[in-house]
Amino acid sequence: MSAQLKTAECLLCGPRTGNEPLLGGSLCRCLTCGFTWTNAIDESTRDLYNDSYFVDGGYQDYFAHVDQWRYEAGRRLSWLLSGVRPRTLLEAGSAGGFFVEAARSAGIDASGVEPTRACVRYSRERLKVPVQHGYFESTAVKPVDAVCGFHVLEHVDDPRKFLATARSQLVPSGWIALEVPNIDSSAARRQGTSWPHLYLKHHRWHFSPQSLTRLVESCGFIVRRCDTIFTRYYTRPLRRLRPSALAKLAADYRAVKSLRMSDPQCGDLLRVIAQLPESSMSAYA
Ligand SMILES: [Zn+2]
């Protein structure tokens, strides 16, 4: 039987505030600020980013969906480049390497760090992109203009340590770009434990636009952009016509009365671009 790893305190408020159970006790919510986290994570998942995560785990067909990952990578890069022009970039948790590939195609000196060996091999051998094997928090790199983490922060043991590492690996005025599920989305509220992005087995932290902004700013960054997107943002155009996608579209429309794919608060996925101040190293070292 595997051990349960319990988190007793709010990541934002610390140990002095109480919390309440949510969704039948699966989640805890801070009574002071509303931040939400998974009540107990199976400790065996701490070692999940070995080959089994992508090959034998929930992502067993990961490598069968290359076109989808390339589409997502292109969307993420367009979003990033609409506000930031990095010359160098590091992706923490680069998975199969598709975002690194897209960034390099756009002329950015991009590389990745990834703990899953199968993904590192795929990135290097199939995509021919530079990816180091390991965890971002313990990997030394040269300072870069931008650090990206797409669907990483909700998994890590210590989001503050992740953000401190990003800070230490950025040039002054450098950028961080993050994407995580949005626990305050209309779909999360509507679907409860059935919301596919909840993923309680692996997601320790459940961010909202407010809590992610507060966390990122408490770690020394200035949030420049924060919005949310609905799942269809990453659905390729023809697939948006599938019945399941149309049903989701109808439900999202009922919630926000708009067909826009982004929203300040209600989309399934939350994304933030934040910047270090010009001289940040001393204040938060
Ligand atoms: Zn709190």
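Ala95 is buried, with 26 other C-beta atoms within 10 Å. Here a residue counts as buried if 20 or more other C-beta atoms lie within 10 Å of its own, exposed if 12 or fewer, and partly exposed in between, with C-beta atoms placed from the backbone. Bear in mind that this is a predicted model: local features need pLDDT of at least 70, side-chain atom pairs count only at pLDDT 80 or more, and totals for chains, interfaces and linings use all residues. Residues are numbered from 1 along each chain as its sequence is written.

Back to Ala95: it sits in the loop between β6 (88-92) and α3. Lys128 is another loop residue, found between α4 (117-126) and β8 (131-133). Each has a positive phi in a residue other than glycine, as the table shows.

| Residue | Phi | Other C-beta atoms within 10 Å |
|---|---|---|
| Ala95 | near 50 degrees | 26, buried |
| Lys128 | near 60 degrees | 10, exposed |

Now for the whole chain. The protein has nine helices and 14 strands; helices (H or I, at least four residues) and strands (E, at least two) are DSSP runs, numbered from the N terminus. Of its 285 residues, 40% count as buried. Among contacts with a separation of 6 or more, 68% come from residues 24 or more positions apart, a contact being two residues whose C-beta atoms, placed from the backbone, lie within 7 Å.

Helix α2 (residues 66-81) is worth a look. Its 16 residues reach 22 Å from first C-alpha to last, close to the 22 Å expected at 1.5 Å a residue; that expected span is 1.5 Å times one less than the number of residues. Glu72, Ala73, Arg76, Leu77 and Leu80 are its buried residues. Seen down the axis of α2, they fall within an arc of 135 degrees, so they line one face of the helix; the arc is that of the directions from the helix axis to the C-beta atoms. What do they pack against? The buried residues of α2 meet α3 (98-105), β9 (144-150) and β10 (170-181). Asp67 and Ser78 are exposed, on the face turned away from the buried side.

Finally, an open sheet: four strands in the order β2-β3-β4-β11, with antiparallel pairing. Strands pair if DSSP finds at least two bridges between them. β2 (19-22) and β11 (205-206) stand at the edges with a single partner strand each, so one side of each is left without a neighbour in the sheet. Four bridges join β2 to the antiparallel β3 (residues 27-30), and Pro21 stands opposite Cys28 in β3.
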